[in-house]
Amino acid sequence: MTAQNELELNRRAVMKLGVGTAAVATAGVGFSADEAFAREVAPARGPALGAALSRAEGPLKVAGLARYAIEQKLENMAYGVTVQSTRPAGRIVNIDTSAAKALPGVVDVYTPQNPLKLNKPTVYSKGGGATEDFTPLQDDVVRFNGMHIALVVADTFEQATEAANLLKVTYEDASPILDLHDPKAKPQDIADMGAKWGDAPAALAGAEVKLAVTYTTAREYNVPLEPHACIASWDNGKITVWEPSQWVGGARSVVSEWLGIDIENVRVISPYVGGGFGSKIGAHPHVGLACSASRQLGRPVKVSLTRPQTFTGLGGRPATKQNLSIGATRDGKIVSIVHESWNETAIDEVHVEACNNVTRIMYATPNFVSRLNVVPVHTVMPGWKRGPGENPSAFALESAMDELAYALNMDPITLRLANWADKDPSNQFPWTTRQLREAYAAGAKAIGWWNRNPNPRSMREGRELIGYGMAAGAYPMIRTASEAKIVFHADGRIEVLSAGTDIGTGTYTILAQTAADALGVPVANVVVRLGDTVLPRSALAGGSQQANNLASAVAKAARNAIDALRTLAASDPKSPLATSKLADLSFERGTLRLTRRPTGGVSIANLLKAVGKTRLEVEGNTFAADATEATKNAADRSFAQLKGAIEGGLSAHSWCAQFVEVRVDEDFGTIRVKRMVGAFDSGRIFNPKLSESQWIGGMVMGLGQTLLEEGHIDQRDGRTVNANFADYAVPVNADVPEMQVISVGIPDLQATALGGKGVGEIGVVGVAPAIGNAVFHATGRRIRSLPITLEKVNSARA
């Protein structure tokens, strides 16, 4: 089928679904078909930044026409299937590959005995782009059950799969450490991530009211709809990798290190990402195997992890344990918080789940101490999952605040307001904005908080006990300088270019809105290209920073573009406005005109045609004026230029207040969440529809964490026994109740150039404690371990 025929079929399919709202082009090998298609289906006009536009790429996705990373069609492609360890610890003595190699179509089998050469990448904590140090096939050590120990490459996926099943592995077993509670485990104190002020132990000892509790959370998995998979294509010393990535710059850096080649010889393309939630920030070991195999064989290689393999081919949120003690006066003033946490990590690497992130900033207390510990176990290196650190931190703190409220016979909101922090208690920095009081008020009103009977086990409907719960939360403002480019075409098109990726959050749409708003043109005139390392440099799509990073860069590029257009109009002798002085020219609604003339003027397209240009390219970035190329590359490829919440002596965060109503069956202990309300301070909202979608998605994820999700490990061999969607339960439509989200934010120009704050992560923070607190209100039983199951509710009867 020709590109033109494919384009026409795509056009007809999407027109049946309805037109999009902004143009979108995928960053692939070629742009022409997708770009022309996007322009054709885009409406003539649309509102700009702040409007509730639907996602530009939505029609393509609904019609199945959005081509994801591994849907690229390359000639002579081979298929790789990884084989994973069935033991948790020890070493590989031998892998018999003879039967596999004898099968038709098998190209080669790579093992520690016949390895693919891969260098160790530099992990993010040491200035690199890798999220894990593990490099497969480079030694015979078994670190966890499910570790990649071989790669079978064949002409077809079916041949590779059959051959992989024929490998015979001989192990030398060792005694494993499988979880936080193993007596052989040796916790390690992460001293530099703790926090301390005042004398918390002494103040706790003298407090009138004391609370000391332990909370635990289970191992969770990101399980995005799109599995982890990639295509690598080596060609004459250069490599192109199609990878579902939240950070193409970081992936590019890691691939160059794995292969030992110059980074300029690596291109990473990620046109769309079918969910990641933190798991696709880094390029994982299977990507390295695909890249090295492609170089070895001189042909493209596709490696796709099966759904079960995604549970151990990369890590999710680790299991945690938290001891939290709070001391208070009888009128509810907190005088001390003592907090210690533990999280599991890989046996020879360190991942810290910063469980003190919310604890140390939420409430005013003169005395505080926190300590973080990691516990090495035989597991895949854990990773980031939506709201990393803040999520379990809020679970412990906000559950404890509810327990303290009942101990003091105070309303939970009243207790929180009594301990309001006028400034960041961890450093005494002023907040940029903190609309948390407004969030309490809006959420309480929407859920009917003040109409409930506050006594536990006091509300019912038939055999169902009714409970209300609430919790608050925060997520820090993370910012990294980035670049963008705007390209004006003589045919009227305006392109916005960035290497940033759209992970389903609406980046295509928001950047089109930003450019349209700044230039005064219809949104439909703007085509956005993303997800390719040949485009202007961008930080990762993670930590709720990308929309602010890239929108600010696009707005800067637009301002530069207006200056460039005015200069071109005034200076080029062929310009219709050539006799004008630069100071006399205005730019409004995509048109250049003399300031003294309220009508007329020349459009951008007509100006370019008049001066004989087919295009004009203008860049913009948010780097400091003296930033070097090395600085810009560091922002694109590492965490080195990331700015945290307290940049510039101010403390910047997104805030939330979560409210829920639950129903608990009195006889069976089953829990059904009836209603959920989230009130959020995310600053200026660039697109209400997209923000609401992100908040709701986070709340649904929190619902799953609280009631359903738990990785089960076989204590005999370290195997993840529920590594599939049949046994690892995530929320489905029937589990999701009536949901309402409310924005209470105001533009925060001290946090970002356009006043926005983080949206994506904050939605999950606080959901778990709100549900747990509601279960206590309904039943009078406090469950301090996630997930909250009917077995735990029933066992709490005693």
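A quick word on the ground rules. This is a predicted model, so local features need pLDDT of at least 70 and side-chain atom pairs count only at pLDDT 80 or more, while totals for chains, interfaces and linings use all residues. Residues are numbered from 1 along each chain as its sequence is written, and side-chain values use heavy atoms, with hydrogens and water left out.

Back to Asn-409. You will find Asn-409 in the loop between helix 9 and helix 10 (412–418); helices are DSSP runs of H or I with at least four residues, strands are E runs of at least two, and both are numbered from the N terminus. Asn-409 has a positive phi of about 60 degrees, although it is not a glycine. Arg-457 also has a positive phi of about 60 degrees without being a glycine. Arg-457 sits in the loop between helix 11 (436–447) and strand 18 (460–461), and with 34% relative accessibility it counts as partly exposed. For context, most residues other than glycine have a negative phi, and most peptide bonds are trans. Pro-787 is in the loop between helix 17 (767–779) and helix 18 (790–795).

How many residues does the largest nonpolar core have? It has 84, and those with the most contacts inside it include Met-362, Leu-404 and Phe-659. By nonpolar core I mean a set of buried Ala, Val, Leu, Ile, Met, Phe, Trp, Tyr and Cys residues joined through side-chain atoms within 4.5 Å. Helix 9 (residues 390–408) gives the most to this core, namely 9 residues. Leaving aside residues up to four places away in sequence, Leu-404 touches Val-209, Leu-211, Ile-326, Ala-328, Ile-334 and Leu-415, where contact means heavy atoms within 4.5 Å. There is also a second, separate core of 46 residues, and among its members are Tyr-68, Ala-515, Val-526 and Val-554.

Two of those names, Ala-515 and Val-554, come back in a helix pair: Ala-515 belongs to the helix 12 side of the contact and Val-554 to the helix 13 side. The axes of helix 12 (residues 507–519) and helix 13 (residues 546–571) come within 9 Å and cross at roughly 30 degrees. That makes helix 12 roughly parallel to helix 13. The axes are lines fitted to C-alpha atoms, for helices over the stretch in contact, and angles run from 0 to 180 degrees between N-to-C directions. Angles under 35 degrees count as roughly parallel, over 145 as roughly antiparallel, 65 to 115 as roughly perpendicular, and the rest as oblique. The residues of this helix 12 and helix 13 contact divide into 12 nonpolar, 3 polar and no charged; Ala, Val, Leu, Ile, Met, Phe, Trp, Tyr, Cys and Pro count as nonpolar, Asp, Glu, Lys and Arg as charged, and the others, Gly among them, as polar.

Last pair: helix 7 (residues 248–259) and helix 8 (residues 285–297) pack at about 55 degrees, with axes 10 Å apart. Helix 7 and helix 8 are therefore oblique to each other. Their contact has 6 nonpolar, 2 polar and 1 charged residues.

Thanks, and happy to chat!

Definitions and conventions. Buried < 20%, exposed > 50% of the residue type's maximum accessible area, 1.4 Å probe, protein only.
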